[in-house]
Amino acid sequence: MNPGVAAPIAELSDRELLALHVAGDDHAFAELFRRHKDRMWAVALRTVRDPELAADCVQDGFIAAFRRADSFRGEAAVTTWLHRIVVNACLDRLRRRKPTTELPEYELADRHDHHASTEVRLDIQEALARLPEGQRAALVLVDMHAVPVAEAAVILGVAEGTIKSRCARGRAALAQHLGLTPGLRPVHED
């Protein structure tokens with residue numbers, strides 16, 4: 001690349017895009033959104049377990065990031081910063097939600113999926129839904145999205161040890177809910 005010639009926006013780093021957005025570039029944040037929307041939606045979906053609510057959370061998160069981009073201090077990666085904003089948007093929406101009786105949610109199986117793996121996936125989703133919010137958020141980040149423990153701690157705003165203990169307790173509870181704990185039967189909540 002020639003010095004003095006600006007790189008195409010798609011080749012810029014997340015930090016460079018965020019800096020351009022703060023400086024007033026009209027296209028920089030759109031590129032950040034394009035890069036990260038799918039992963040943020042996956043995190044939101046696993047956190048709130050409702051596709052429509054997850055979409056709202058991602059929208060809330062990206063709007064907050066757009067407006068507060070100048071607050072990014074650069075102490076963590078831009079993706080970590082976005083994760084934290086989206087997870088916080090999820091937790092805020094869940095706290096504001098009025099408890100209701102929901103109909104069971106059934107996910108349509110992939111046409112290439114086998115019946116048994118669909119049942120396992122539904123069992124895991126149900127067991128995950130029974131976990132406390134903090135354990136579920138930690139497991140979603142660490143076990144399902146392979147976010148390192150240190151990064152998950154930053155995203156959730158807790159100590160690394162808290163993430164480790166939430167994951168350990170969450171895994172144990174999942175095993176119990178799924179009937180995988182030797183000698184123990186799953187706990188059925190009424």
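**Figure 1. Overall fold of the predicted model.** Along the sequence, the protein follows the pattern α-α-α-α-α-α-α-α. The model shown is a predicted one. Its secondary structure amounts to eight helices and zero strands. Of the 190 residues in the protein, 33% are buried. Taking the contacts between residues at least 6 apart in sequence, 57% join residues at least 24 apart.

**Figure 2. Packing of helix 6 against helix 7.** Helix 6 spans residues 133-144 and helix 7 spans residues 149-156. The two helices pack at an angle of about 140 degrees, and their axes are 10 Å apart. Angles over 145 degrees count as roughly antiparallel and those from 65 to 115 as roughly perpendicular; helix 6 and helix 7 are therefore oblique to each other. The crossing of helix 6 with helix 7 is right-handed.

**Figure 3. Residues in the contact between helix 6 and helix 7.** Helix 6 contributes Ala 137, Ala 138, Leu 141 and Val 142. From helix 7 come Val 149, Ala 152, Ile 155 and Leu 156. By class, the residues of this contact divide into eight nonpolar, no polar and no charged.

Figure 4. The relative accessible area of Ala 10 is 49%. Exposed residues are those over 50% and buried ones those under 20%, so Ala 10 is classed as partly exposed. When neighbours within four places in sequence are left aside, Ala 10 is in contact with Glu 31 and Arg 35. The view also includes Arg 34, which is 24 residues from Ala 10 in sequence. The C-alpha atoms of Ala 10 and Arg 34 are 9.8 Å apart in space.

**Figure 5. His 177 and its polar contact with Arg 130.** His 177 lies in helix 8, which is made up of residues 160-177. Is His 177 buried or exposed? Its relative accessibility is 16%; the limit for a buried residue is under 20%, so His 177 counts as buried. The side chain of His 177 makes a polar contact with the side chain of Arg 130, at 3.4 Å.

Conventions
Residues are numbered from 1 along each chain as its sequence is written. This is a predicted model: local features need pLDDT of at least 70, side-chain atom pairs count only at pLDDT 80 or more; totals for chains, interfaces and linings use all residues. Side-chain values use heavy atoms; hydrogens and water are left out. Axes are lines fitted to C-alpha atoms, for helices over the stretch in contact, and angles run from 0 to 180 degrees between N-to-C directions. Helices (H or I, at least four residues) and strands (E, at least two) are DSSP runs, numbered from the N terminus. Angles under 35 degrees count as roughly parallel, over 145 as roughly antiparallel, 65 to 115 as roughly perpendicular and the rest as oblique. A crossing is left-handed if the near helix is turned anticlockwise from the far one by less than a right angle, and right-handed if clockwise. Contact means heavy atoms within 4.5 Å. Ala, Val, Leu, Ile, Met, Phe, Trp, Tyr, Cys and Pro count as nonpolar, Asp, Glu, Lys and Arg as charged, and the others, Gly among them, as polar. Buried means under 20% relative accessible area, exposed over 50%, partly exposed in between (1.4 Å probe, protein chains only). A polar contact is a pair of N or O atoms within 3.5 Å; within protein, one must be able to donate a hydrogen and the other to accept it, and residues adjacent in sequence count only if both atoms are side-chain atoms.
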